[in-house]
Amino acid sequence: MTTPTLDDLLSTSSTTEIFDFMVDLAGQLGLPTTSWEEGDVTLTEYYTSADLAASRDRILQKYIAAGFLDLIAGLAKDGVAGAYDWLVLLADQMYGYTAATATFASTFVTFENTGGGLYQDQAAGDVTIRSSTSGKTYQITNETPFTIGSGPGFVIEDIPVTADEAGSDSSAAAGEIDELVTSLLGVTVTNPSFAVGTDAESVDSIVQGCREKLGTLSVIEGPPEDAYDSVAKDSSLTGTTAVSRSRTYADSDTGEVEQYIAGPSGELSSEVVAAVEQAVVSYAVPLALATYSLSSAVNLVQAVTYRLWLYDSIKLTQAEIEQLVEDGLLEFFRQRPIGGDFIAGDTTGRIYTSAIAGTIKALFDPADFISVAIVSPATDPSVVKNEVPVMGLVTADLISFSQAP
Amino acid sequence: MSTEIPRRQLRLYYRDEAGDFLPLWLSEGEGVATWWTAGIVIDAQLDKAYQGTYARHPAYAPEDALRYIARDRGLVRGPNEPAAVFADRALRWLDDHRLRGGPWAMMEQLRAYMFPANVRIRTVDDRGNWFTIDRDGSRSYVLDSGTWNWDSPVGRKTRFWVIIYPDSSTGAYLPWQKTVWGPERTWGDPSLTWGTTATPAEVAAVRQIVRVWKAGGTTCKNIIIAYDDSSFDPASPEPDGDWQLWGTGGNGPRTPNRLFSARYWRGTGE
């Protein structure tokens, strides 16, 4: 018997493929399959079994791939249902790495009553408010009911609110939470300070975190460079979830280790840097071997201008396409390493325009996509070792629709 | 795979066991073929799940799963390393990673990469600390010998060198022969490197292992392929302070600084 390869084990069969196999096998076993007509009892039973088997095959694929970091990550990035959960499980059970979950944006708001209405005993959940910028909604989460007194001029401050949806889409700058969904005539609302929600940790970030975890195993003085990166991004050690990127330069003939950190949006505050430094000094920097320095990376804002050619089968408006590209490039830039990407042998990190084009291309179904060209940057911009690429203005110079073949 | 997967045991084959529960019309004649056809699909998926579970374990993994296991465990499989040998190494991954940053773990990873060549490997640093794994696997070291002087460095340095002595027991050097450019080698051939038969991918892999397994705050200056077993002896190594260049002598005839019997690869920092 031929031993199956991993590729064999990961392959899936469709309902039709399994059904055809069963009918063919039944024929080889002597059953009168050629006389079976649509609606036949056996055909119906076979089709039902085939459909269930195809369903099980897709589950098996994830189950088997869940033993391998790259494979389950690939399925998760392809959007296969359930694959992300398997990745989180593998990260936790094999590497001891806890993937960050999405958080709910929360802040405090101020209500002002410009009318004469009296609104008593507003308890948690009684009032829904909304950001006119994002359209996202928030609920008041006060422990003690409060009253909005008659106005004009009545103001009540510091009412806690939390977003209805987890994730960064519900983040809001000061003043952006400015609409009432619940009808309170004459009452206005605003948030004096920002609200920050974070997304669930990305697939690439989880994979990288798992690989870097190996560096922390070392008990040798002078841990490998990825131990520094692992500690910097471990919120259980640093007390902050702000760090999503870290780069350590530990190839030195004088025992120096330089480390730079950044968040999804780039530069980090001095408070975050201080917290991370304390953790790295506690868990990674060895005795006597090295001198260590930690800094926030500096933003390298990169604007992108592109031209895009698509088939009219795409059924998206120009505005929707532009938003799709902007969202895709935002994630692309959030994944760019501090110091840029290095091709083997190159001594300068860069942002590769081919990678930008590839990211845009991957957003579309191949059947709808014709071509993309990056107008700006015209060449691959270099990235200094302490710089972190962040997305600047994204402009569609041209989006052209051709008749689908 | 290096080990046969144990056969599924007990009542796990639908086709074998379902017969006990089937009605009469499915237990004889064409009925048997009818349910057996459905049963084979169920059994195939049970086999798939069973073998798929084993596929993630190095000792039972199919050949094409080993590269994923290698990546997941932070290991580099040698180009000639058999599945069974790699599987044993993969099982030691946690113990090996605990010693990452020290010389022994790095040298063991390099020896494994060059399997089955029976090489001797040494590391030496600016302070004259020597660590050796000999061909028989025995280990020795000399601390703070003061005998190593590559380029008369100023100030304290944290550089080290890796010295690989190829295996000549078969009459040819393994894993890499020493070479010179000649009619059988084409200038600019992307599959070739200077001085040995190592491919660019093999050189990159060796550098990768050194970079990943060394300590932070250090740098590997050179990886030396030493074809003379007596060279680079800890008691009296050849470098005498001007080996940063191949030769000296200005514009006139140059005097070689380095041994012709060795090849010098860039390390991790350049």
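1. Strand pairing in chain A. In this predicted model, strand β1 (residues 104-113) of chain A runs antiparallel to strand β6 (residues 154-166) of chain A, and eight bridges join the two. Within this pairing, A:Phe104 stands opposite A:Ala166 of β6(A). β1(A) also pairs with strand β8 (residues 187-190) of chain A, again in the antiparallel sense, over four bridges. There, A:Phe111 has A:Val189 in β8(A) as its bridge partner.

2. A:Asp158 lies in strand β6 of chain A. Its phi is positive, about 60 degrees, although the residue is not a glycine. A:Asp158 counts as exposed because its relative accessibility is 57%, where the cut-off for exposed is over 50%.

3. A positive phi in a loop. A:Lys315, which is not a glycine, has a positive phi of about 60 degrees. This residue belongs to the loop between β12 (298-311) and α10 (318-335) of chain A. With a relative accessible area of 69%, A:Lys315 is exposed.

4. Cis peptide bonds in chain A. The peptide bond from A:Gly151 to A:Pro152 is cis, with omega near 0 degrees. A:Pro152 is located in the loop between β5 (146-148) and β6 of chain A. A:Ser376 and A:Pro377 are likewise joined by a cis peptide bond, with omega about 5 degrees. In this case the proline, A:Pro377, sits in the loop between β14 (369-376) and β15 (382-383) of chain A.

5. Chain B as a whole. Seven helices and eight strands make up the secondary structure of chain B. The chain has 270 residues, of which 49% count as buried. Among the contacts in chain B with a separation of 6 or more, 58% are between residues 24 or more positions apart.

6. Extent of the interface. Contact between the chains involves 49 residues of chain B and 58 residues of chain A. About 4400 Å² is buried between them, and carbon and sulfur atoms give 59% of that area.

7. Polar terms and composition. Five salt bridges are counted between chain B and chain A. One of the salt bridges is formed by the side chains of A:Asp226 and B:Arg100, at 2.8 Å from N to O. Across the interface of chain B and chain A, 25 residue pairs are in polar contact, both residues being at pLDDT 80 or more. On the side of chain B that touches chain A, the elements giving two or more residues are α2 (30-55), α3 (66-72), α5 (93-98) and α7 (200-213) of chain B. α2(B) provides the largest share, 16 residues. By class, this side of chain B has 18 nonpolar, 17 polar and 14 charged residues.

8. B:Lys48. This lysine lies in helix α2 of chain B. B:Lys48 counts as buried because its relative accessibility is 12%, and the cut-off for buried is under 20%. Beyond residues up to four places away in sequence, B:Lys48 touches A:Asp8, A:Leu9, A:Ser11, A:Thr12, A:Asp57, A:Leu60 and A:Ile64. The side chains of B:Lys48 and A:Asp57 are joined by a polar contact of 3.0 Å.

9. B:Lys157. This residue is found in the loop between β3 (139-142) and β4 (159-165) of chain B. At 18% relative accessibility, B:Lys157 counts as buried. Leaving aside neighbours within four places in sequence, B:Lys157 is in contact with A:Asp253 and A:Thr254 in chain A, and with B:Asp126 and B:Arg127 in chain B.

Note on methods: Residues numbered from 1 in each chain as written. Chains lettered and ligands numbered in written order. Predicted model: local features only at pLDDT ≥ 70, side-chain atom pairs only at ≥ 80, totals over all residues. Heavy atoms only, no water. Contact = heavy atoms within 4.5 Å. Buried area = accessible area lost by both parts, 1.4 Å probe. Salt bridge = Lys/Arg side-chain N within 4 Å of Asp/Glu carboxyl O. Polar contact = N/O pair within 3.5 Å; in protein donor to acceptor, adjacent residues only side chain to side chain. Nonpolar A, V, L, I, M, F, W, Y, C, P; charged D, E, K, R; others polar. Buried < 20%, exposed > 50% of the residue type's maximum accessible area, 1.4 Å probe, protein only. Pairing = 2+ DSSP bridges.
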